[in-house]
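Dear colleague,

I am handing over the structure below, and after it you will find what I noted when going through it. Please read the notes with the coordinates open beside them.

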Amino acid sequence: MRVSGLIITKNNGMKLEWALASVYKYLDEIIIIDDYSTDNTAKIAEKYGAIVYLHKFEDFSAQRNYGISKCAGEWIFTMDA
């Protein structure tokens, strides 16, 4: 059974490191939906093997649904950065 991790973020580089370090070893893939961050968010995500998709934030449910569509796992673990 594959487990995808899904995080929606924008300019959360400081918190993202902690979030990914706490879960990356339990996930088969990590999907980051990023609203065009201008900090080091993408660099930190890549350090943990995450796939980063840029997607303009419309509303929370649209962002979450877009992220879910990118996940390949049978289970999806969502968390905040």
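On one side of helix 1, M14, K15 and W18 are exposed, where exposed means over 50% relative accessible area, buried under 20%, and partly exposed in between, with a 1.4 Å probe and protein chains only. The buried residues of this helix, which spans residues 13-23, are G13, L16, A19, L20 and V23. They lie on the same side of helix 1 because they cover an arc of only 115° around the axis, the arc being that of the directions from the helix axis to the C-beta atoms. Helices (H or I, at least four residues) and strands (E, at least two) are DSSP runs, numbered from the N terminus.

This is a predicted model, in which local features need pLDDT of at least 70 and side-chain atom pairs count only at pLDDT 80 or more, while totals for chains, interfaces and linings use all residues. Residues are numbered from 1 along each chain as its sequence is written, and side-chain values use heavy atoms, with hydrogens and water left out.

The cover over the buried residues of helix 1 includes strand 1 (3-9), strand 2 (29-34), helix 2 (41-47) and strand 4 (75-80), contact meaning heavy atoms within 4.5 Å.

As for the sheet, four strands form an open one in the order 3-2-1-4, with parallel pairing; two strands pair if DSSP finds at least two bridges between them. Strand 3 (51-54) and strand 4 are the edge strands, each pairing on one side only. Strand 2 is joined to strand 3 by four bridges, and I31 has I51 in strand 3 as its bridge partner.

Best regards
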